[in-house]
Amino acid sequence: MEQLRSKLDEVIIYLKPYLPIANSHVVNFISNNFWETVIPSDIRKEVDLKGTEFVLANFWSDYPIPDSLTCFVTSSKLNNLNSYPSSCYLNLDDVYNVLQSWGYNPIDKSFKLKEFMAAKKMHEVEVMAKLVADFSHYAGTDIIIDIGGGKGYLSSLLALAYNFNVLGIDSQSINSEGAKNRTIKFEKYWQTIVKKSDSFEKKIFCPIAKEKCNTYEEYYEKYSKKSNVVGSTYKQVTEYVTEHTNIVPLIQNEFKNNKKKEFALVGLHTCGSLATTCLKLFIESKNCLKLLVNVGCCYHLIEEEFTVNPFWNDVENALNSNQSYGFPVSKYLKDQQFILGRDARMCASQSPEKVFNSKDIINPTKPLFYRALLQVYLVEELGIENITRCHVGRLAHKCLTFNEYVHKALKRLQLNTEVDDETINKLYDKYQIEYERIKIFFILKQTLAPIIEGLILMDRLLYLYEQGINEAFVAKLFDPLLSPRNHAIIALKKN
Ligand SMILES: C[S@@+](CC[C@H](N)C(=O)[O-])C[C@H]1O[C@@H](n2cnc3c(N)ncnc32)[C@H](O)[C@@H]1O
């Protein structure tokens, strides 16, 4: 715990001077003159001197000459998740090594899900279901609660491929219903996988249909709408979960014959503060939870304790007021009243690996420039003050010119005003330099994103340590190019 605290101190010292970059919204980049006010002066001077094209060409090159931008990236990397103590941050192979060091041999089952779901979801559920299955076998928990289970991608695989009893809990009844229907369809597809794979016992369960069937074909011909798992080993409950939710009665109600006293709590992409709600549920002894595997997402939806203005209004309206604070959760950062800020949390939800891997700066930054320039037009030309957050949506990619963009954006904003094309063209020419600067700003934000995400995740881990859970770590589960929110918090209460 001490090692983690001192690493957090180090990261905070590094991050604090750069938080204004992370907390500056690109919409105001030109109108608030962020180039002068938030970009570090050494980077600004270098770019002003050499030009963006030159600085970016060096940045993308395989052997960049060290300059202020590449040095910023290098020093930032020393503060992302990889830099935390190896006991706190593990990759997937390390996680399995830990299990083996505890004397457990991981399941030797393999299968590939194809076409039934998007590549991203497929990758996530394949990896996470196996990991949850292995940890649950080790922990002896054969009932798994999937919080924010959504359409049941993870839950159904845990029930079908690994024979667990699963309780999916979601606040939206449309998701609980969707999970049932999707699982029934998925089951048919699953049988074709079982047939092709040597890893699964080729037996037919008929919990609903009592008649004996000799082949899968016969079974599905007769009972094409019946399910092996829905309503028996995979149940769904619609409930808004808070840290005060009592888990055990929900399980007892759905799995009446259950004799087990300890359960596993999992969640794939538990958005905003739902992730920390899961951690708090795990700590609460009355919930009898032995294992936690939680992958969070949507950090911008986290309710921060010490920020005065934690959300954009539209986000705030979508939130449920019962939600508890999701950052910071560790006593250590709470005592410091540590603040990230809403745009910094938004920044943590970026996909920097994808951006840096593609080496494409035009596609991601053209919409940002258009939006920032539109803001100048709104404020300077139309005199519209106090624009907090005007949503124009993903318009830029649909427009060939900035001119077209402005016309469409004003329509979306329902601003009934004459558009002067000449003024717009002049504006576009005048602020070309700002487009170049936005590219640099964008790279800086992408670079800071993993540091902020790391801080959020390590605050959660420290909270578990502070509560006496020593068997806990952050693990990198998914390929970041497929699934950017790819980290899980895994925790186990050992007897
Ligand atoms: C990002 S989705 C993830 C769904 C699913 N786990 C998946 O990976 O496909 C988050 C889900 O959590 C549910 N959710 C959000 N807050 C919740 C809460 N407090 N209690 C229960 N469900 C919640 C939402 O309805 C949504 O289905």
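**Strands, ligand shell and loops**

User: In which sense do β2 and β3 pair, and over how many bridges?

Analyst: β2 and β3 pair in the parallel sense over 5 bridges, where strands count as paired if DSSP finds at least two bridges between them. Within that pairing, Ile145 has Leu167 of β3 as its bridge partner. Strands here are DSSP runs of E with at least two residues, helices are runs of H or I with at least four, and both are numbered from the N terminus.

User: Before we go on, what kind of model is this, and how is it numbered?

Analyst: This is a predicted model, in which local features need pLDDT of at least 70 and side-chain atom pairs count only at pLDDT 80 or more, while totals for chains, interfaces and linings use all residues. Residues are numbered from 1 along each chain as its sequence is written.

User: OK, what is the strand order in the open sheet?

Analyst: The sheet has 8 strands in the order β1-β7-β8-β6-β5-β2-β3-β4, and its pairing is mixed. β1 (89-91) and β4 (234-238) stand at the edges with a single partner strand each, so one side of each has no neighbour in the sheet. From one strand to the next the twist averages 20°, with axes taken as lines fitted to C-alpha atoms (for helices over the stretch in contact) and angles running from 0 to 180 degrees between N-to-C directions.

User: And which strands does α21 touch where it packs on the sheet?

Analyst: Helix α21 (residues 432-466) touches β7 (471-476) and β8 (487-492), and its direction makes about 165° with that of β7. Contact means that the C-beta atoms of two residues, placed from the backbone, lie within 7 Å.

User: Let's turn to β5: how many of its residues are buried?

Analyst: In β5, 8 of the 9 residues are buried, which leaves the strand mostly covered. A residue is buried if 20 or more other C-beta atoms lie within 10 Å of its own, exposed if 12 or fewer do, and partly exposed in between, with C-beta atoms placed from the backbone. Of the 495 residues of the chain, 38% count as buried.

User: Which strands does β5 pair with, and over how many bridges?

Analyst: β5 pairs with β2 (residues 143-147) in the parallel sense over 3 bridges, and in that pairing Ile145 has Leu265 of β5 as its bridge partner. It is also joined by 8 bridges to β6 (residues 289-297), again running parallel, and there Cys271 is partnered by Cys297 of β6. The chain gets from β5 to β6 through helix α13 (residues 274-283) in a right-handed β-α-β crossover. Right-handed means that, with the strands pointing away from the viewer, the path from the first strand over the helix to the second runs clockwise.

User: Why is α13 described as largely enclosed?

Analyst: It is described that way because 8 of its 10 residues are buried. Those buried residues pack against β2, α12 (247-254), β5, β6, α21 and β8.

User: Switching to the ligand, which residues come nearest?

Analyst: Of the 17 residues around the ligand, Gly148, Gly150, Ser171, Val241 and Leu268 come nearest, and a residue counts as near if its C-beta atom, placed from the backbone, lies within 6 Å. The elements giving two or more residues to this shell are β3 (165-170) and β5 (263-271), and β5 gives the most, with 3 residues.

User: How does that shell divide by class?

Analyst: The shell has 8 nonpolar, 7 polar and 2 charged residues. Ala, Val, Leu, Ile, Met, Phe, Trp, Tyr, Cys and Pro count as nonpolar, Asp, Glu, Lys and Arg as charged, and the others, Gly among them, as polar.

User: In the loops, where do Cys288 and Cys298 lie?

Analyst: Cys288 lies in the loop between α13 and β6, and it has a positive phi of about 55° although it is not a glycine. Cys298 lies in the loop between β6 and α14, and its phi is also positive, at about 50°, although it is not a glycine. Cys288 has 16 other C-beta atoms within 10 Å and is partly exposed, while Cys298 is partly exposed with 19.

User: Last one: which residues are joined by a cis peptide bond?

Analyst: The cis bond joins Phe327 and Pro328, with omega about -15°, and Pro328 is placed in the loop between α14 (313-318) and α15 (331-335).
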